[in-house]
Amino acid sequence: MSLYKDWGYTSNPFKPSPIQPTLKDSNLLVGREKEKKKIKTRLKNDSGIITIEGENGIGKTSVINSSIYELFEESISSKDKDEFYIPCTQLFQISSKNNLTEFIDDFYFSLAQTIISKKKEIKESGIKNLKIDNLNKWLNSTEVKNIEAQIAGFGGSYNTSPNESEGFVKSGFKKQIKNLLTQIFPTPETGGIICVVDNLELLETSDDAKRTLEYLRDEIFNIPQVKWFFSGSHNIFRTFISTPRLSGFIQKPLKINKLNNINVPSILKSRINSYQNHVDNKPYTPIVETDFVSLFDSVNGNLREVF
């Protein structure tokens, strides 16, 4: 039995990883209602790539993921069904070491898995004749799993997989995904799959960043049924916005600041409540609220350092 189970938790409640776009994780986010409202408003009303800036560890990705999960829940509970937003199953990162062709293939695989995983909700939104069973069988075949594994590690060629699978990945597969997207989201106003690129500062120089983003703009960033969020440290987007091919395409960033101290105790409470084994049994907590607030201040609100 793990230490945390001994303490009365289902698992480690103090993981430093970002909140995921799920119900359980969304309940962990506190004190960010204004930021989430702005994010959802931009997503529904603006075109182009939405950008989020803030210090490392401040919680940018968590705010984005919680916002897009709320949009997804609002979509499936709405009676009108005019808009439908789906969080992508994968969080993306781009570095100067990426093979961009393989990154694009990975992107299409992720779109396919997202559509398959949300098949039930998509059909309930009013989309009929969604034919993805054959895609699901093919996508989860051994041959394609080999391709996906290589792409996930950006491991080079596809030569170990059958030629017919490689050909489908390179041509017919992408076309089928685009057709499915058009069927699910007939116009940009009807929603889309929401993808997040995290830690954009991994593109080490401004020249790397501009060259990479300009290339990907023409390949995947301009697909009408896919909505993009970019997250990065302070001022990372300044040079991108000023370039002719990206100006007007990448939005002015929303800034995420340090969480107000009044909300900090609620971070600890939400973790304890979400991960405790039994509602009636209070688990052991290795830190009290006052010390948690002091720790939060000492690292300038960097939640990765806190946890």
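This report describes the sheet, the aromatic rings and selected loop residues of a predicted protein model.

The structure is a predicted model, in which local features need pLDDT of at least 70 and side-chain atom pairs count only at pLDDT 80 or more, while totals for chains, interfaces and linings use all residues. Residues are numbered from 1 along each chain as its sequence is written, and side-chain values use heavy atoms, with hydrogens and water left out.

## Overall composition

The protein contains 14 helices and 5 strands. Helices (H or I, at least four residues) and strands (E, at least two) are DSSP runs, numbered from the N terminus. Of its 307 residues, 48% count as buried. Here, buried means under 20% relative accessible area, exposed means over 50%, and partly exposed lies in between, with a 1.4 Å probe and protein chains only. Among contacts with a separation of 6 or more, 77% are between residues 24 or more positions apart; a contact means heavy atoms within 4.5 Å.

## The sheet

The 5 strands form an open sheet in the order E2-E3-E4-E1-E5, with parallel pairing. Two strands pair if DSSP finds at least two bridges between them. Strand E2 (84–93) and strand E5 (254–255) are the edge strands, each pairing on one side only.

| Strand pair | Bridges | Facing residues |
|---|---|---|
| E2 and E3 | 7 bridges | Phe84 and Gly191 |
| E3 and E4 | 5 bridges | Ile193 and Val226 |
| E1 and E4 | 4 bridges | Thr51 and Phe230 |

Strand E4 is mostly covered, as 7 of its 7 residues are buried. In a regular strand the side chains alternate between the two faces of the sheet. In E4, both faces are covered: Val226, Trp228, Phe230 and Gly232 are buried on one side, and Lys227, Phe229 and Ser231 are buried on the other.

Helix H5 (residues 100–117) lies across E2, E3 and strand E4 (226–232), and runs at about 140° to E2. Axes are lines fitted to C-alpha atoms, for helices over the stretch in contact, and angles run from 0 to 180 degrees between N-to-C directions.

The expected span of a helix is 1.5 Å times one less than its number of residues. For H4 this gives 26 Å, which agrees with the 26 Å between its end C-alpha atoms.

A search of the whole structure finds 14 aromatic pairs. Rings of Phe, Tyr and Trp (its six-membered ring) pair if their centres lie within 6.5 Å; planes under 30 degrees apart count as stacked, over 60 as edge-to-face and the rest as tilted. The ring centres of Phe72 and Phe84 are 6.5 Å apart and their planes stand at 40°, so this pair is tilted. Because Phe72 lies in helix H4 (residues 60–77) and Phe84 in strand E2, the pair ties together parts that are 12 residues apart in sequence. Both Phe72 and Phe84 are buried.

A further pair, Phe221 and Phe230, is edge-to-face, with 5.2 Å from centre to centre and 70° between the planes. Phe221 counts as buried at 5% relative accessibility, and Phe230 is buried with a relative accessible area of 0%. Both belong to a cluster in which ring pairs link Phe92, Phe103, Phe107, Tyr108, Phe221, Trp228 and Phe230.

Charged side chains also sit over rings. The criterion is that NZ of Lys or CZ of Arg is within 6 Å of the ring centre and within 35 degrees of the ring normal. Lys118 lies over the face of Phe72, at 5.4 Å from the ring centre, and the charged end of Arg217 sits over the ring of Phe249, 4.6 Å from its centre.

## Three asparagines

Asn45 is found in helix H3 (residues 33–45) and is exposed, with a relative accessible area of 59%. Asn45 and Glu189 are 144 residues apart in sequence, yet 8.5 Å apart in space, C-alpha to C-alpha.

Most residues other than glycine have a negative phi. Asn199, however, has a positive phi near 55°. Asn199 is placed in the loop between E3 and helix H10 (206–221) and counts as buried at 17% relative accessibility. Asn300 also has a positive phi, of about 55°, and lies in the loop between helix H13 (289–298) and helix H14 (303–306).
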